[in-house]
Amino acid sequence: MNGARLEAVGVAMPAARPAGRSWRLPRNRSVWIGATLFSLVVAIAVLAPYLGTTDPSAIDPVARNKRPGAERVIRHDDGRRSIATYRMGTDSLGRDVYSRVVYGSRVSLIVGISVALISVAIGLVIGLASGYIRWLDGIVMRVMDGLMSIPAILLAIALVSLSRGTGLRTVIVAIVIPEVPRVVRLVRAVVLTVREEPYVEAARALGAPTLTVLARHVLPNTVAPLVVQGTFVCAAAILVEAILSFLGVGIPPETPTWGNIMAEGRALFRIFPHNILFPSIFLAAMVLAVNMLGDGLRDLLDPRVRKQI
Amino acid sequence: MAVVAVFVFLLLRMTAGDPAAIIAGDNATARDVADIREKLGLNQPIAQQFVIWIGRILRGDFGESFFFKRTVADLIAARLEPTLALATCTLVLAVLIAVPLGVTAAYKRGSWIDRFVMGLSVLGFSVPAFVIGYALMYTFAIHLAWLPVQGYQRLADGLGGFIQRLILPSFTLAIIYVALIARITRASVLEVLGADHVRTARAKGLAELPVLLRHALRNASVPIVTVIGFGVAVLIGGVVVTESVFAIPGLGRLTVDAVLARDYPTVQAVVLLFSAAYVMINLLVDLTYTLLDPRIRY
């Protein structure tokens, strides 16, 4: 409504996005590779129960430390027999590593996506406020600088130690907090440049309330950089979650996550490297996919950067 | 730094599990727990605890570890050497590998070495340190048996063993760092190579190597040094992980152990120490700018 009024007064609204932009998408290789790998992991996570998995937490003392490909005859109660293959072997409690890796993708995805969404949302609000409201800027940025001077993993570890029970929610919060300052800085930088633009001044001169100016004229400028930053945050979050779980301070060990599988396989790594091998392949591929997606998106959304790097 | 101090303190006291209960163990009565809490000063108001704590820190007294029953300063001193050795080794290694790689990549833009550097940098950001660590450990220590698998030997106990046991962890950590530095070096040198003074240097007949080193690299050095400073955060995070992978008894391991035991004084001290180191290094980096670029003055 407000936009319509401004247009009626004769203030030029930012031109509609050039239609050609979306056509560039298919040409960017790294977006394609990243998106394909990422959707593959999403598919694996969603379809986990139908991919020939067993209960990822089921402990089977008979089948401890099987090598990948080992077979086992299962006798059912009614006398039938079937053969189960441990595609990726079993861990020292006899849990099927394949099932655990497949189910572990769920945790990684949940952590990655929710950390990205939450930290971008919080960072956006704080960044908009501190970039636009002068007196708030100094205070907010000092706090953010303070937060940023603690290395992210260390801060996450310290945060995890706070909570009584460790769980998915704790881990997500612990990863979100170190990421927020990075988003805030980005948003603030965008706001500081945009607020001096003629169209923002024009809107203010016409008496548009602060919130309207922020929402209609400043916010759209932050979308592209935030999408890119969001993917990088997602990749970082997946990594940090794995590191926390690996160190034993993350999600409880019985939950199948890639970090937990590796933590479990640590003791017997010299004899049975498969416990570490398979989750690390998945983890590396996943993070690589998200990073490539982010790289590609950055090139797409900001053509200037592409020319430089 | 003050913000960090307040933050670290509040962070660790606000919602924390009760350390008194943990020290007392499962069989303790409520009375035992209360006694321990009294002894550790945990029942005083939080502001008072903070003032006491900050006063002690300024005198170099980090308090006594709840869990290890030693003073935190002692504990840190005992764990400092491995971490320092690992970090220094990694830093030197990373710079020695990354800068030449980055310069070569920029010089031969589009060649295989350029693509290798770019590929490495994407990979370096994506593969977590412990995965690299285990891969290296499996190949060189277990499969080829060239190097010891895990552990640490103090410098005082012999140089050979010290270096042998540091090679794998340092390389593990260096890979991420190399990725970071090489990428920036490449971008930064690439930008300078297009500048007028480089063309002039070439036009007056200077050989390629002096052009690259004196005219290109020197002018490209400010962003490189900056990223080395910022990368210290990555390094510190990596130290924590790598020390766990290679069973090195350093500060990183101490952090994890202390967190698991909810040993606040130790966690506070270590986080504060790491943050202080990070801030100091970046301050140093800022100061070296004046050496590298005479235009920058403070």
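This is a predicted model: local features need pLDDT of at least 70, side-chain atom pairs count only at pLDDT 80 or more; totals for chains, interfaces and linings use all residues.
Q: Why is B:Thr290 called exposed?

A: B:Thr290 has 12 C-beta neighbours inside 10 Å, and therefore counts as exposed. The limit is 12 or fewer, so a count of 12 still qualifies. B:Thr290 belongs to helix α13 (residues 264-292) of chain B. Its C-alpha atom is separated by 9.5 Å from that of B:Val222, 68 residues apart along the chain.

Q: What makes helix α9 (residues 196-203) of chain B hardly covered?

A: The helix has eight residues, and the count of buried ones is zero. To be buried, a residue would need 20 or more other C-beta atoms within 10 Å of its own. After α9(B) comes B:Gly205, with a positive phi near 90 degrees.

Q: What share of each chain counts as buried?

A: In chain A, 46% of the 309 residues count as buried. In chain B, buried residues make up 40% of 298.

Q: Which elements make up the two chains?

A: Chain A has eleven helices and two strands. Its order along the sequence is α-α-β-β-α-α-α-α-α-α-α-α-α. Chain B has 13 helices and zero strands.

Q: How do you know what share of the contacts joins residues at least 24 apart in sequence?

A: Take contacts between residues at least 6 apart in sequence. In chain A, 71% of these join residues at least 24 apart. In chain B, the share is 72%.

Q: Which residues touch the most other members of the largest nonpolar core?

A: They are A:Ala156 and B:Ile181, in a core of 154 residues. Helix α8 (residues 210-247) of chain A gives the most to this core, with 19 residues. Beyond four places in sequence, A:Ala156 is in contact with A:Ala174, A:Ile175, A:Pro178, A:Val240 and A:Leu244. In soluble globular proteins, nonpolar side chains tend to be buried together.

Q: How do the axes of α3(A) and α8(A) lie?

A: They come within 7 Å and cross at roughly 145 degrees. The crossing is right-handed. Residues on the α3(A) side include A:Ser108, A:Val111, A:Gly112 and A:Ile113. Among those on the α8(A) side are A:Leu214, A:Val218, A:Thr222 and A:Glu241.

Q: How do the residues of the contact of α3(A) with α8(A) divide?

A: There are 15 nonpolar, six polar and one charged. Asp, Glu, Lys and Arg count as charged, so A:Glu241 falls in that class.

Q: At what angle do helix α2 (residues 29-46) and helix α3 (residues 97-132) of chain A pack?

A: The angle is about 115 degrees, and the axes are 8 Å apart. α2(A) passes α3(A) in a left-handed crossing. From α2(A), the contact uses A:Val41, A:Val42, A:Ile44 and A:Ala45. From α3(A), it uses A:Val102, A:Ser105, A:Arg106 and A:Leu109. This contact divides into six nonpolar, one polar and one charged. Arg counts as charged, so A:Arg106 is the charged residue.

Q: Where in chain B is confidence lowest, and where highest?

A: It is lowest in helix α2 (residues 19-24) of chain B, at a mean of 52. It is highest in helix α5 (residues 72-107) of chain B, at 82.

Q: What ipTM and pTM does the model score?

A: The ipTM is 0.70 and the pTM is 0.75.

Methods:
Residues are numbered from 1 along each chain as its sequence is written. Chains are lettered from A and ligands numbered from 1 in the order in which they are written. Axes are lines fitted to C-alpha atoms, for helices over the stretch in contact, and angles run from 0 to 180 degrees between N-to-C directions. Helices (H or I, at least four residues) and strands (E, at least two) are DSSP runs, numbered from the N terminus. A crossing is left-handed if the near helix is turned anticlockwise from the far one by less than a right angle, and right-handed if clockwise. Two residues are in contact if their C-beta atoms, placed from the backbone, lie within 7 Å. pLDDT is the predictor's confidence in each residue, from 0 to 100. A nonpolar core is a set of buried Ala, Val, Leu, Ile, Met, Phe, Trp, Tyr and Cys residues joined through C-beta atoms within 7 Å.
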